[in-house]
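Here is a short briefing for a first look at this structure. Keep the sequence and the 3D view open while you read.

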Amino acid sequence: MAETLRSACPLDCPDLCSLDVTVEAGKVVSVDGSALTPITDGFICGKVRNIAEHLYGDDRVLTPLVREGKKTDAAPRFRPAGWDEALDLIASRLRAIVARSGGEAVLPYHYGGSNGWLSEGALTTRFFRRLGASNLDRTFCSAAVAAAMRGLYGVMPGVALEDYAHAKLIVLWGVNPSATGIHLVPIIDRARAAGARLIVVDPRRIPLARRADLHLAIRPGTDLPVALAILGALFERGTGAAFLAEHATGVDELRARAARWSIAAAAREAGVPAADLERFVELFADASPAVIRCGWGFERNRNGGSAVAAVLALAAVGGKLGVRGGGYTTSNGDVAWTVGPEAAIGAPPAKTRTINMSRLGAALRDERDPRLEAVFVYNCNPAATAPDQVAVRAGLARDDVFVVVHEQVMTDTARLADVVLPATAFLEHREVRRGYGAMRLFDAPAVATPPGEARSNNQLFGELLRRMDLVRPGDTASEDELVDAIFAASPHGAAMRAEIAARGVATPPLGDRPIPFVDVFPGTPDRKVHLVPAHLDAEAGGLYVYKPDPATEAYPLALISPALSTQISSTFGQLRRKEFPLELSAEDAAARGIADGDEVRVWNDLGEVRCAARISRDLRPGVVLLPKGMWSHHSRNGATANALIPDGLADLGGQAAYNDARVQVARASAGA
Ligand code: SF4
């Protein structure tokens, strides 16, 4: 008998949808959005609507697998093993490595984007802290945004997505809600129907750019001079002078730094008409409420942190804060809540070295004491998603690096593992998750039976804690105990739990639509906006200082790798069997004698990708596109965009600089 159960979607998406999941005999039959939260409003994306294909597809890992043969064998060979055998093997190998080389020779490699506090923190983190493993700096996404936001505004939620309906001007800067956060689209449409203007800043003509009042198709990495020139024009107009006098520090310093870029110079650098930048200034200065949806696309380059800081400063310098629907939004995650996962971990942070996840290839090459001898991957697929892919795959394929992968399906990374362990998906284990767009929090129970022998992260690491004698008296362990610990650590925890029990979802203590500078103020010590924070200035080696385009004569084309609407980063990539093409403009194709559908080589000094070409009217000349999250079966030679992406970092937060790849393209038959 089928029944419909409540759940929530923890995937790496701002919307945090409330779900109705129909289950029969423990299996998910269908999933749809529920009306529980106004953002979800009863609909969800195709990714999760079709999740049964992911849960019960041929690629699902159903038992522990132990490698037979070498990792460099063309076709990986694994044999099924029982959990006891697999865990004994892992425990004995880790014990030997720690005894020989110390805990830092072990690297946990994970990304929490598609997981909540039970899967990402809790016993998983406890295990590696007690082992004394190396720490991982998680920098694939939002590291530069978080650094800039916290530097300027401290801990303060931005404009609620629901409040975009009140805006008279919406700016989408480096974000494509049609693919990543679809529930903002109808809200924008409602605002537009009520007379709001729309500006899109993106090198690509994203779907919403087609109906925008202004689209600035700037060259990748030039957001900083563009934002500085707009800031300079706003300062000249004195638009936000009254707001700045009361609420900001660093005004004169930012004014001086912005003055380095005139509208004409910024337009030249960005490759857009100066008149378009002037139009931006005019629309933005005159509109109220005006809101900037600050995305994650433009943090991923050498100037990313400064660019985000400059865009966030626009809200203050334009005097846009202090009204409903006015200001900016980045991540409304940690900044909106008084509750977090740390209490469930039950072990203090280890004072061990930290390795930047975006430089995994270099870390595996590094022979410094102790060299990495084990990589334990969970919630992540670095062979597909980490920069400098050739080095990453070569490092993971070393026979002297023990690789364990806990995964739902057979990923590119799992194929390089010594041991693969079957993992539960989010509908198969309990999860506590707060949104980073929608300001909501769920405690969602398991609604489906794990297929095969899949286990949750807490089941796996709870068992490893026991086997490696890392359990301490008084440890919390069960899901109930872990959830109790999370909420008990917050002064508002009891109220949140009561709200979840009554309504199925909790809102932050200040409500789900706080107005910045009315209901909430910056978390800085003086509760002001710090437009040029000293610590960011030091970290960036000069905040708001532009580093020019890294293009060379040999590699003149900027490669961007934006998110797909059909995947969450690499998640669900096994479901698409077809290749992805390289998209390029008609001008760049013609200059190289490339026709639509031709096989092309895309290359630079790091690697090469072979795939078909698709001529796109949505890309400006000089920019080519391979999507984010491709798997090896999505190209003709097994390499993806990350094979071309250097492991250089943005100026803040250790952020991966995915969009700094510069490449050349030729027809494969041209023999270049
Ligand atoms: S991925 Fe986003 S839009 Fe899709 S169900 Fe999850 S939260 Fe909703």
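Thr249 is partly exposed, with a relative accessible area of 29%. On this scale, buried means under 20% relative accessible area, exposed means over 50%, and partly exposed falls in between (1.4 Å probe, protein chains only). Thr249 belongs to strand β11 (residues 248–249). Its C-alpha atom is separated by 22 Å from that of Ala290, 41 residues apart along the chain.

This is a predicted model, in which local features need pLDDT of at least 70 and side-chain atom pairs count only at pLDDT 80 or more, while totals for chains, interfaces and linings use all residues. Residues are numbered from 1 along each chain as its sequence is written, and side-chain values use heavy atoms, with hydrogens and water left out. Helices (H or I, at least four residues) and strands (E, at least two) are DSSP runs, numbered from the N terminus.

**Backbone**

- Leu16 has a positive phi of about 45°, although it is not a glycine. Leu16 is in the loop between β1 (3–8) and β2 (18–24). It is buried, with a relative accessible area of 4%.
- Phe517 also has a positive phi, of about 70°, and is not a glycine. Its loop runs between α20 (493–503) and β20 (529–530). Phe517 is buried at a relative accessible area of 8%.
- Ser288 and Pro289 are joined by a cis peptide bond, with omega about 0°. Pro289 lies in the loop between α12 (274–286) and β12.

**Ligand**

- The residues around the ligand are Cys9, Cys13, Asp15, Leu16, Cys17, Ile44, Cys45, Val48, His183 and Ile568. A residue counts as near if one of its heavy atoms lies within 4 Å.
- This shell has eight nonpolar, one polar and one charged residues. Ala, Val, Leu, Ile, Met, Phe, Trp, Tyr, Cys and Pro count as nonpolar, Asp, Glu, Lys and Arg as charged, and the others, Gly among them, as polar.
- The ligand sits in the second largest cavity. A cavity is a set of points, on a 1 Å grid over the protein atoms alone, where a 1.4 Å probe fits but cannot get out. To sit there, a molecule needs more than half of its atoms within 2 Å of the grid points.

**Aromatic rings**

- The whole structure holds 17 aromatic pairs. Rings of Phe, Tyr and Trp (its six-membered ring) pair if their centres lie within 6.5 Å; planes under 30 degrees apart count as stacked, over 60 as edge-to-face and the rest as tilted.
- The ring centres of Tyr153 and Tyr328 are 4.5 Å apart and the planes are at 40°, so this pair is tilted. The pair links distant parts of the chain, 175 residues apart: Tyr153 is in helix α6 (residues 143–153) and Tyr328 in strand β13 (residues 327–329). Tyr153 and Tyr328 are both buried.
- Trp173 and Phe298 are tilted too, because their ring centres are 6.1 Å apart and their planes are at 45°. Both residues are buried.
- One aromatic cluster is formed by Phe127, Phe128, Phe376, Tyr378 and Phe461.

**Charges over rings**

- Lys320 lies over the face of Phe284, at 5.2 Å from the ring centre. The test asks for NZ of Lys or CZ of Arg within 6 Å of the ring centre and within 35 degrees of the ring normal.
- Arg601 has its charged end over the ring of Trp603, 4.1 Å from the centre.

Key:
On a 1 Å grid over the protein atoms alone, a cavity is a set of points where a 1.4 Å probe fits but cannot get out, and a pocket is an open set with protein on both sides within 12 Å along at least five of seven lines; lining residues have an atom within 4 Å of a point.
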